[in-house]
Amino acid sequence: RVDEWTDVDRKRVMNDIITTMFNKKFMEELFKPQELYSKKALRTVYDRLAHASIMRLNQASMDKLYDLMTMAFKYQVLLCPRPKDILLVTFNHLDAIKDFIQDSPGILNQVDETFRQLIETYTSLSAGEFQLIRQTLLIFFQDMHIRVSIFLKDKVQNSNGRFVLPISGPVPWGTEVPGLIRMFNPNGDEVKRTQFTTDGNYVTPQREGSFDLYGDRVLKLGTNMYSVSRPVETHMSGSSKNLASHTKENIVPNPLAKEELNFLARLLGGLEVRTPGGSETGFRLNLFTTDEEEEHAAMTRPEELSYKVVTIEATQEPARRAELSRILGEMEVAEPRLASSGKGEDLLELMDGL
């Protein structure tokens with residue numbers, strides 16, 4: 001609501017969320033070599049980040065925001081012209097984030113430091129390694145087919161929630177426009193050329209996007225998709241509603257459940273959730289037109305698609321946080337562990353003792 005939302009509020013919320021997102025310890029954990037997070041772990045981290053300021057979202061609005069984020073990111077990964085362009089998408093994300101905090105040099109420095117870590121870690125990877133990353137991400141999102149109005153209107157998503165791959169436009173950098181077959185003899189000499197027609201209108205890209213701290217990324221994936229102001233709705237497609245067998249948590253106890261809880265506790269230990277204090281009232285963000293629409297969305301959402309967030313209270317007292325990190329570090333030694341009857345029992349007992 002315009003009467004409750006000012007530019008000062010907006011800047012403050014963005015600063016709080018970005019400061020938390022690029023917290024040094026949080027980034028250190030993200031950059032450690034590790035297995036891909038589960039959907040439940042990702043949602044828990046996302047929920048904590050979204051509530052890192054005085055802004056609050058009800059369950060239905062939080063689900064809608066998460067649906068929009070996951071489908072937008074799936075779209076960007078799916079439509080990358082070549083695997084390495086995933087990095088350009090990430091750089092577009094960070095460039096946009098830096099625009100939000102131009103007046104906050106301290107936070108800007110945090111983002112730039114993450115930028116440098118990304119450049120150092122990923123720019124030297126081979127095309128095969130980037131392809132593995134891309135396929136891993138797409139496997140993670142493959143059962144998610146939520147329809148988003150902005151994609152439907154732009155005809156980049158079908159009514160069943162699946163994205164449409166373009167057959168025209170620039171070809172990936174380093175490749176040629178299709179239409180020519182070359183044949184070579186055993187000596188490597190070209191001996192014949194055959195041309196064929198294609199259904200697409202392909203063009204050669206003018207230049208490669210910049211992988212530097214500052215530069216023209218060329219690729220538009222990952223930039224602002226709200227260049228035209230319009231409402232964005234998310235809807236469950238028919239295929240998504242029938243995916244209960246794929247999306248429900250397996251009832252068989254997961255032997256990695258405790259490790260995941262421990263990972264979350266360590267990851268979230270550096271994240272602070274702001275609670276309005278004193279005369280500060282905070283405000284609630286509703287992503288629906290009315291409160292009634294939000295309540296209806298919460299009641300009608302299929303249970304198998306509800307995101308069960310793991311609640312972990314990571315203490316904000318530095319001494320206790322350091323102790324938690326130390327104990328969790330000791331738990332990571334490569335020694336046989338005793339069998340435990342309860343999932344997450346070690347972490348929960350640790351939390352109770354703090």
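## Close-up views of a predicted protein model

Residues are numbered from 1 along each chain as its sequence is written, and side-chain values use heavy atoms, with hydrogens and water left out.

Overview. The protein has 14 helices and eight strands; helices (H or I, at least four residues) and strands (E, at least two) are DSSP runs, numbered from the N terminus. Contact means heavy atoms within 4.5 Å. Of the contacts between residues at least 6 apart in sequence, 76% join residues at least 24 apart.

**View 1. Helix α4 and helix α7.** Two packed helices are described by the angle between their axes and the distance between the axes. The axes of α4 (residues 59-78) and α7 (residues 127-141) come within 10 Å and cross at roughly 145°; axes are lines fitted to C-alpha atoms, for helices over the stretch in contact, and angles run from 0 to 180 degrees between N-to-C directions. The crossing of α4 and α7 is left-handed, a term for a near helix turned anticlockwise from the far one by less than a right angle (right-handed if clockwise). On α4 the contact is made by T70, F73, K74, V77 and L78, and on α7 by R134, L137, L138 and F141. These residues comprise six nonpolar, one polar and two charged. Ala, Val, Leu, Ile, Met, Phe, Trp, Tyr, Cys and Pro count as nonpolar, Asp, Glu, Lys and Arg as charged, and the others, Gly among them, as polar.

**View 2. Helix α1 and helix α6.** Helix α1 (residues 7-21) packs with helix α6 (residues 105-122) at an angle of about 40°, and their axes are 10 Å apart. The crossing of α1 and α6 is left-handed. N15, I18 and T19 of α1 meet I107, Q110 and V111 of α6. This contact has three nonpolar, three polar and no charged residues.

**View 3. N92 and D85 in helix α5.** N92 lies in helix α5 (residues 85-100) and counts as buried because its relative accessibility is 8%. Not counting residues up to four places away in sequence, N92 touches R217, L219, K220, L221, G222 and T223. The side chain of N92 reaches the backbone oxygen of L221 at 2.9 Å. The C-alpha atoms of N92 and G222 are separated by 5.3 Å, although the two residues are 130 residues apart along the chain. D85, also found in α5, counts as buried at 6% relative accessibility. Its side chain makes a polar contact with the side chain of R82 (2.9 Å); a polar contact is a pair of N or O atoms within 3.5 Å, where within protein one must be able to donate a hydrogen and the other to accept it, and residues adjacent in sequence count only if both atoms are side-chain atoms. With residues up to four places away in sequence not counted, D85 touches C80 and L219.

View 4. Strands β4 (residues 180-184) and β5 (residues 190-195) run antiparallel and are joined by five bridges; two strands pair if DSSP finds at least two bridges between them. F184 stands opposite E190 in β5. Five residues lie between the strands of the hairpin, and G188 in the turn has a positive phi of about 90°.

Notes: Predicted model: local features only at pLDDT ≥ 70, side-chain atom pairs only at ≥ 80, totals over all residues. Buried < 20%, exposed > 50% of the residue type's maximum accessible area, 1.4 Å probe, protein only.
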